[in-house]
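Here is a quick tour for anyone meeting this protein for the first time. Take a look at the sequence and the fold, and then we'll walk through a few parts together.

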Amino acid sequence: MKILADKHIPFIEKALEGLGEALIKHGRDMSPSDFKDIDAYLGRSVRKLGEEELAASTVQFASTASVGTDHVDKDYLESHGIAFASAAGCNAVSVADYVTASLLNLACTRGFSLQGKSIGIVGAGNVGSRVARRCRGLGMDVILNDPPLRRASGDEKYRPIDEILGCDFISFHTPLIRSGVDKTLHYFSNDFASEIRPGAVLINTSRGAVADTEAVLKALDSGRLSDAVIDVWEGEPDIPARLLKKAFIATPHIAGHAIEAKVRAMRMVVNAMCSHFQLSRRVDEKDFLPRPDVEKIKIGRAGSIECRLNQAVKKVYDIEKDDSSLREILSVHKDKRPEFFDRLRRDYPVRREFSTVKSVSAPEDAAALCKAVFPPPER
Ligand SMILES: NC(=O)C1=CN([C@@H]2O[C@H](COP(=O)(O)OP(=O)(O)OC[C@H]3O[C@@H](n4cnc5c(N)ncnc54)[C@H](O)[C@@H]3O)[C@@H](O)[C@H]2O)C=CC1
Ligand SMILES: O=C(O)C(=O)[C@H](O)COP(=O)(O)O
């Protein structure tokens with residue numbers, strides 16, 4: 001069997017050992033000729049997959065080690081009988097960690113309490129539902145919006161978008177959908193911004209194009225938005241520098257990049273491939289994950305609860321480091337910026353999910369909130 005795989009799927013070479021001939025390349029360096037005589041493809045979100053790559057290909061199984069599939073022409077795959085797998089849910093915990101870190105950082109820096117603040121979550125799937133749980137645990141009022149889930153379940157907990165507009169925070173967790181009744185392309189538009197609560201905070205960890213960059217800039221300039229936390233960018237890897245300068249937190253599309261998430265994605269696509277070709281090999285995440293550096297955390301007594309929790313979170317994940325690494329892009333020549341952005345993602349340091357912290361000791365006033373920030377591992 002011949003497999004083409006993205007070099008930056010962690011441990012991919014080891015996982016594929018003995019399964020056939022593996023051609024391992026960075027997604028952006030793959031050319032259509034690399035797809036020509038392969039049986040299986042294991043890719044990432046950085047490389048599109050459609051007719052150009054597949055027209056002359058013998059591939060029978062294609063996959064992406066990501067949740068988002070907006071880079072894949074699934075209709076083309078289906079109409080050509082090519083099996084497809086993605087890594088649904090692989091990084092939901094990682095993104096929830098990221099949103100938690102950004103909320104605590106913002107609250108501590110700007111000097112407000114999260115308790116009693118409202119957050120509207122647009123898209124309540126794997127990520128959105130976990131973000132909701134963390135926010136409730138932090139004492140926030142959570143409103144969920146998810147029309148497809150509302151239609152499928154009839155559950156009234158999924159509220160109309162109008163109810164989201166009045167929230168203090170609005171966090172997007174939808175796929176990028178370019179057309180149709182559930183279209184999310186440029187969901188955050190000038191019209192949307194004109195209806196939100198003045199001074200709201202935008203968090204976008206979904207896809208850059210879910211928010212219209214010009215509309216976000218205008219909303220920040222007018223004060224309609226007081227702050228924006230931006231992990232995903234229109235035009236990646238060529239990101240809009242003007243938005244980077246204005247965002248309170250700006251990171252290089254790494255919300256889902258905890259090592260657990262990346263190894264889980266690797267396991268999901270390799271195992272899906274093996275089952276497609278009826279191979280007995282299965283990989284197990286545990287064989288690849290290093291022992292966490294931080295297993296115990298002690299929460300202090302001095303300062304606001306948000307600042308103390310922010311300090312605790314920093315021991316596992318310092319979001320400010322990701323923010324300052326990305327801001328260095330501004331000192332790089334314009335032509336080299338896309339490469340710089342890609343490199344930050346490729347060489348991303350090992351980050352652990354917060355649930356790898358086994359013991360958190362906290363004074364009484366912080367104990368309940370700690371459970372929301374450092375949840376137990378999911379089984
Ligand atoms: N920044 C990052 O590193 C990451 C980004 N993502 C992005 O976040 C998205 C969500 O991830 P998951 O929660 O794992 O996916 P998911 O598929 O579990 O959940 C997405 C939810 O959005 C809902 N939805 C679809 N259209 C909607 C609309 N118009 N309005 C409101 N809700 C809508 C769906 O019904 C679904 O429940 C992914 O598609 C991906 O684009 C995902 C993981 C990591
Ligand atoms: O899973 C998704 O969707 C994401 O956005 C991932 O963070 C994408 O990661 P890469 O495939 O770009 O490594």
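Let's start with a cysteine: Cys307 has a relative accessible area of 23%, so it counts as partly exposed. Keep in mind that this is a predicted model.

Which residue does Cys307 form a disulfide with? The partner is Cys108, and the two sulfur atoms sit 2.1 Å apart. That falls within the 2.5 Å that a disulfide requires, and the count for the model comes to one disulfide. In general terms, a disulfide is a covalent bond between the sulfur atoms of two cysteines. Here the torsion about the S-S bond of Cys108 and Cys307 is about 100 degrees, which makes the disulfide right-handed. Cys108 belongs to helix H4 (residues 92-110) and Cys307 to helix H12 (residues 305-316), so the pair ties together parts that are 199 residues apart in sequence.

What about Cys135 and Cys370? Cys135 is in no disulfide: its nearest cysteine sulfur belongs to Cys167 and is 11 Å away. For Cys370, the closest cysteine sulfur is in Cys307, and at 14 Å that is too far for a bond.

| Cysteine | Relative accessible area | Class |
|---|---|---|
| Cys135 | 2% | buried |
| Cys370 | 5% | buried |

Now for the sheet. Six strands make up an open sheet with parallel pairing, and their order is E7-E6-E8-E9-E10-E11. The edges are strand E7 (141-145) and strand E11 (249-250), each of which pairs on one side only. Strand E6 (residues 118-122) runs parallel to E7, and five bridges join the two. If you want a spot to look at, find Ile121, which stands opposite Leu144 in E7.

Helix H5 (residues 126-137), meanwhile, lies across E6 and E7 and runs at about 165 degrees to E7.

One residue of helix H5 is worth a stop: Arg134. Is Arg134 buried or exposed? With a relative accessible area of 7%, Arg134 is buried, because the cut-off for that class is under 20%. Leaving aside residues up to four places away in sequence, Arg134 touches Val93, Ala96, Asp97, Thr100, Phe354, Ala372, Val373 and Pro375.

Finally, step back to the whole protein. Its domain assignment gives domain 1 (2-86 + 258-287) and domain 2 (92-256 + 300-373). The C-alpha centres of domain 1 and domain 2 lie 29 Å apart. How many residues does each domain bring to the contact? Domain 1 supplies 14 residues and domain 2 supplies 16 residues.

There is also a label from a record. An unreviewed UniProt entry carries the annotation "domain: D-isomer specific 2-hydroxyacid dehydrogenase catalytic" for residues 32-278.

Technical notes. Residues numbered from 1 in each chain as written. Chains lettered and ligands numbered in written order. Predicted model: local features only at pLDDT ≥ 70, side-chain atom pairs only at ≥ 80, totals over all residues. Heavy atoms only, no water. Helix = DSSP H or I, 4+ residues; strand = E, 2+ residues; numbered from the N terminus. Buried < 20%, exposed > 50% of the residue type's maximum accessible area, 1.4 Å probe, protein only. UniProt positions renumbered as here; feature names shortened; annotations may be inferred. Pairing = 2+ DSSP bridges. Contact = heavy atoms within 4.5 Å. Axes fitted to C-alpha atoms, helices over the stretch in contact; angles between N-to-C directions. Domains from an automatic or database assignment.
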